[in-house]
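Subject: Structure handover

Hello,

Here is the structure I promised to pass on. Please open it first, then read my notes below.

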Amino acid sequence: MSVVVSVSPPVAAGPPAHRGRARALRGGGLVCAVALLVLIMLVSLWVGSKSIPFGSTWSVLWHNDGSADAVIIHDQRLPRTLLGALVGAALGLAGAVMQALTRNPLADPGLLGVNNGAAAAVVSAIAFTGVTTVLGYVWFAFLGAAVASVVVYLLGTAGRGGATPDRLVMSGAALTAVLQAYIGAVLLIDPDTFNQFRFWNVGSLSGRRADVLVQVSPFIVIGIVLALLLARPLNVLALGEQTGKALGAHIGRTRVLGAIAVTLLCGASTAAIGPIAFIGLAVPQAVRILVGPDQRWVLPYSMILSPVLLIGSDVIGRILNPPEELQVGIVTAFLGAPVFIALCRRRKLARL
Amino acid sequence: MTAIDERPVRVRRVSLRVTPRALVVGIVLAVVLFVLSAVSMTTGDYPLSVLDVVKTLFGFGDAGTEFIVTTLRLPRLLLAILVGAALAVSGGVLQSLSGNPLGSPDVIGFTEGSATGALLVIVLAHGGSGEVALGALVGGVLTALAVGLLAYRRGLQGFRMILVGIGVAAMLTAANSYLITRASLQDAYAAQAWLVGGLNGRGWDEIWPVAIAVVVLLPLAFGYGRRLALLEMGDDSAKGLGVPVERSRAVLLAVAVTLCAVATAATGPIAFVALAAPQLAKRLARSAKPALVSSALMGALLLVASDLVTRLVFGEEGLPVGIATGAIGGLYLMWLLSNQWRRNRG
């Protein structure tokens with residue numbers, strides 16, 4: 001790493017005129033991304049196993065006239081779409097914050113044990129408490145994700161050196177192994193639990209009603225606000241611990257707040273729709289290639305583009321083979337992975 | 001620090017550079033493995049004395065003891081040792097090539113590929129254990145090929161390979177979860193049982209392929225171990241020192257992939273051995289270099305110990321050993337990491 005100290009992030013270097021143009025370009029891009037998100041949300045409302053013309057979808061959306069179409073749109077497609085937007089934003093932001101925090105481009109809720117924490121708690125809930133509904137899983141999943149994040153974080157910060165990337169990832173891998181062993185044992189002993197768990201474990205937006213949305217949204221909204229506020233401190237963190245400290249940054253505080261944001265975002269979203277691979281890893285990775293390493297751009301872009309991928313995948317899962325649905329977790333993986341692999345091949349890797 | 005400690009050890013014309021500490025660690029691991037094997041052979045539903053076991057092994061035991069030793073316990077022990085060593089060396093080579101402790105076959109998709117192959121056989125073709133093993137082997141090797149080809153771009157770069165591997169693994173994980181939702185409960189359950197990985201019900205049929213792979217490939221891997229250390233210094237330095245970079249890497253990759261695929265085909269994916277054993281061996285030896293021989297011993301040790309513990313706690317045909325390796329390996333790594341960090345940086 002270079003020892004040149006610059007208070008502004010490395011990408012902002014260059015003549016002022018060029019910098020202004022770059023900022024305008026990125027701002028314009030963000031507006032386009034928002035437009036894309038709105039568009040895909042409309043498509044998600046419009047497309048489904050019952051075909052409703054776009055015109056009536058639009059009018060029924062604003063005037064709930066109690067017709068059958070209105071019930072479908074308002075009770076099923078609207079909560080599903082909104083949940084997709086919220087969870088997508090949460091996953092993208094969580095991935096971006098995690099990667100910045102650990103300074104590890106591979107950081108991802110799956111790798112750091114958070115998904116498995118949620119899964120272990122859901123398995124326990126099914127096996128030992130007789131909970132059978134998605135709504136019932138939410139709190140357990142959330143608790144599990146939170147506990148897993150705390151354990152990984154405490155383990156990663158043991159000693160005085162602080163949480164370095166490889167420590168955190170190794171801690172995550174260790175915890176993941178233990179949790180997977182636990183999950184495997186419970187599932188093998190108890191076939192009924194296995195039968196329920198296998199459907200939660202693919203990750204799906206279907207069947208999630210407005211009540212799930214209401215339950216998880218406070219956590220996700222707080223997580224989003226916290227994450228966005230951390231953009232500047234995360235930029236300082238990217239300069240390295242010593243430099244950051246020399247610049248007067250509160251490294252410890254940034255780490256703790258970042259960990260809280262990640263826990264809120266991952267816990268709530270995994271609780272709501274099950275483990276979704278890949279979005280938190282792939283979108284921020286792609287975004288960094290697009291706009292560079294400045295977190296003030298990476299975070300908002302990740303927040304807007306992740307739901308585009310999530311909702312888009314959900315729509316594709318619905319139209320591929322109607323009336324059956326392909327769960328969104330499967331589509332995101334199959335859609336995200338090739339793009340991600342292509343990016344890895346084509347460009348110089350966007351390292352942190 | 002290691003460079004200073006290093007002393008060449010010459011046995012006739014073979015020269016090995018080992019640190020005294022690495023040598024001690026290797027010897028200690030081998031001794032512990034031997035003791036554990038003895039314990040494993042003598043304990044169970046029918047306790048035997050060491051003398052009984054030895055006599056039986058040389059063909060002087062009675063029929064009952066002979067059945068217990070040669071049909072039940074010996075194949076199980078051998079399979080544990082072979083699979084443990086194969087997974088550990090596979091993990092050690094891949095971690096070293098990718099320059100990342102996460103570059104183990106569990107993370108970069110090979111294990112997932114084996115699982116997909118096995119699941120396809122179980123769920124779609126309702127195949128028996130031999131076909132499942134074949135499916136796993138084909139799945140693992142095809143996945144490795146795909147990851148290698150997708151990551152290839154004017155040479156294989158370790159970091160890119162991990163990224164591509166994670167991408168492929170994500171896809172395969174999704175496919176596996178999907179296959180499990182599509183299957184009947186019975187098939188899904190069989191698939192889940194295979195996914196945990198275990199030694200229950202395996203016999204000599206499963207051992208031969210692994211044994212052949214290990215006997216051929218482990219010496220090859222050990223022989224390339226020194227080149228592995230040079231490759232870790234970077235391609236340019238390695239080239240400067242006369243290492244044929246691309247060919248060495250290709251050979252090492254092929255060895256690692258085959259070891260992992262064969263082991264997984266025999267027992268199902270046994271969690272964590274490939275990830276943990278090389279790390280544990282490296283830390284015990286306090287070596288910056290890949291320590292493949294100690295890794296192999298450590299892998300075998302981990303698997304034999306885990307199998308012993310599972311059998312003692314849950315009975316002969318109880319929980320599969322994959323659960324114990326995950327739990328024990330994970331907890332031990334957690335303890336080791338926090339302990340070491342507290343000492344070194346504290």
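From the N terminus on, the elements of chain A run α-α-α-α-α-α-α-α-α-α-α-α-α-α. That is 14 helices and 0 strands. Please keep in mind that this is a predicted model.

**Chain A overall**

Chain A has 352 residues, and 57% of them are buried. I also looked at contacts between residues at least 6 apart in sequence. In chain A, 76% of these join residues at least 24 apart.

One glycine to look up is A:G240. Find A:G240 in the loop between α9 (231-238) and α10 (241-246) of chain A. Is A:G240 buried or exposed? Its relative accessible area is 8%, so A:G240 counts as buried, the cut-off being under 20%. A:E324 is 84 residues away from A:G240 along the chain, and their C-alpha atoms are separated by 50 Å.

**Cavities**

Searching the whole structure gave 6 cavities of 30 Å³ or more. I followed up the second largest cavity. Its space comes to about 160 Å³. The lining has 13 residues. Nearest the centre of this cavity are A:L101, A:L112, A:Y153, A:L168 and A:A259.

Which helices supply the lining of the second largest cavity? In chain A, α3 (68-102), α5 (134-156) and α11 (251-273) each give at least two residues. The largest share is 4 residues, from α11(A). By residue type, the lining splits into 9 nonpolar, 3 polar and 1 charged.

**Chain B: annotated spans**

The UniProt entry for chain B is unreviewed. Its "transmembrane region" annotation covers residues 21-40, 77-95, 107-125, 132-152, 158-179, 207-225, 250-276 and 318-337. I checked two of these spans against the model.

- Residues 107-125 of chain B are 84% helix and 0% strand, with the end C-alpha atoms 27 Å apart.
- Residues 250-276 of chain B are 81% helix and 0% strand, with the end C-alpha atoms 24 Å apart.

**Chain B: a helix pair**

Two packed helices are described by the angle between their axes and the distance between the axes. Take helix α9 (residues 204-223) and helix α14 (residues 292-314) of chain B. Their axes come within 9 Å and cross at roughly 140°. From α9(B), the residues in contact are B:L218, B:A221 and B:F222. They meet B:L292, B:V293 and B:A296 of α14(B). This contact of α9(B) with α14(B) has 6 nonpolar residues, no polar and no charged.

B:G223 also sits in helix α9 of chain B. Its relative accessibility is 58%, so B:G223 counts as exposed, the cut-off being over 50%.

**Chain B: one valine**

Last, look at B:V39. This valine lies in helix α2 (residues 20-42) of chain B. How accessible is B:V39, and what does it count as? Its relative accessible area is 32%, so B:V39 is partly exposed. B:V304 is 265 residues away from B:V39 along the chain, yet the two C-alpha atoms are separated by 10.0 Å.

Best wishes

Notes:
Residues numbered from 1 in each chain as written. Chains lettered and ligands numbered in written order. Predicted model: local features only at pLDDT ≥ 70, side-chain atom pairs only at ≥ 80, totals over all residues. Heavy atoms only, no water. UniProt positions renumbered as here; feature names shortened; annotations may be inferred. 1 Å grid on protein atoms, 1.4 Å probe; cavity = no way out; pocket = protein on both sides within 12 Å on 5 of 7 lines; lining within 4 Å. Points joined across faces, edges and corners; volume = space filled by probe spheres on them. Nonpolar A, V, L, I, M, F, W, Y, C, P; charged D, E, K, R; others polar. Axes fitted to C-alpha atoms, helices over the stretch in contact; angles between N-to-C directions. Contact = heavy atoms within 4.5 Å. Buried < 20%, exposed > 50% of the residue type's maximum accessible area, 1.4 Å probe, protein only.
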